Amino acid sequence: IIPTGYLQTNVDNLDQSVNPFDNDPYLKKIKLRGGAYAILMAFHNSTTTTMTKSEIVRDGQQYCDDEMESNWNAGRIYGAFDAKKTLIRHGLITQNSMARTTGGNSRTRNDGSLNTFTLTR
């Protein structure tokens with residue numbers, strides 16, 4: 001007996017022939033084990049749709065051959081996480097910025113630590 005309103009979600013009933021990414025020209029040529037790939041894999045394996053930069057860097061590093069974080073002392077001005085700009089430009093993720101109040105005054109600054117990112121598709 002199947003309860004009213006029950007939706008079967010096993011793999012047998014999914015339409016495997018329709019993939020929304022098949023028609024995206026950017027995703028067809030994405031560099032495997034690059035920064036954009038690592039960011040998308042971090043979202044793919046996440047249980048949430050919104051992640052912070054530190055969560056993406058931590059979870060995506062295993063899918064990237066380069067370091068996700070920049071390190072000026074090591075001569076790495078840009079990290080692989082900068083691929084987020086390309087993903088935003090292609091409409092694959094969005095960035096939600098939040099400014100932080102510093103000290104006891106009303107000045108705000110945005111150092112990126114409070115930014116969250118959301119997968120759009």
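Let me start with helix 2, where Gly 35, Ala 36, Ala 38, Ile 39, Leu 40, Met 41, Ala 42 and Phe 43 are buried. Buried means under 20% relative accessible area, exposed means over 50%, and partly exposed is in between, with a 1.4 Å probe and protein chains only. Helices (H or I, at least four residues) and strands (E, at least two) are DSSP runs, numbered from the N terminus. That makes 8 of the 10 residues of helix 2 buried, so the helix is largely enclosed by the rest of the structure.

A word on what you are looking at. This is a predicted model, in which local features need pLDDT of at least 70 and side-chain atom pairs count only at pLDDT 80 or more, while totals for chains, interfaces and linings use all residues. Residues are numbered from 1 along each chain as its sequence is written, and side-chain values use heavy atoms, with hydrogens and water left out.

What do the buried residues of helix 2 pack against? They pack against helix 1, strand 1 (50–52), helix 3, helix 4, strand 2 (93–96) and strand 5. Contact here is heavy atoms within 4.5 Å.

Two strands pair if DSSP finds at least two bridges between them; strand 1 and strand 5 have 3 bridges, in the antiparallel sense. Thr 52, for instance, has Thr 116 in strand 5 as its bridge partner.

Next, aromatic rings. Rings of Phe, Tyr and Trp (its six-membered ring) pair if their centres lie within 6.5 Å; planes under 30 degrees apart count as stacked, over 60 as edge-to-face and the rest as tilted. By this rule there is 1 aromatic pair. The ring centres of Phe 81 and Phe 117 are 5.5 Å apart and the planes stand at 80 degrees, so the pair is edge-to-face. Phe 81 is in the loop between helix 3 and helix 4 and Phe 117 in strand 5 (residues 116–119), so the pair ties together parts 36 residues apart in sequence. Phe 81 is buried at 4% relative accessibility, and Phe 117 is buried at 1%.

Last, charges. How many salt bridges does the structure hold? There are 3, counting a side-chain nitrogen of Lys or Arg within 4 Å of a carboxyl oxygen of Asp or Glu.

Arg 33 and Asp 65 form one, with the closest N and O atoms 2.6 Å apart. Arg 33 lies in the loop between helix 1 (25–28) and helix 2 (35–44), and Asp 65 in the loop between helix 3 (53–60) and helix 4 (84–89), so the pair ties together parts 32 residues apart in sequence. Arg 33 is partly exposed at 33%, whereas Asp 65 is exposed at 58%.

Glu 69 and Lys 53 form another, at 3.7 Å from N to O. Glu 69 sits in the loop between helix 3 and helix 4, and Lys 53 in helix 3, 16 residues apart.

Arg 58 also bridges to Asp 59, at 3.0 Å between the closest N and O atoms. Arg 58 is exposed at 57%; Asp 59 is partly exposed at 24%.
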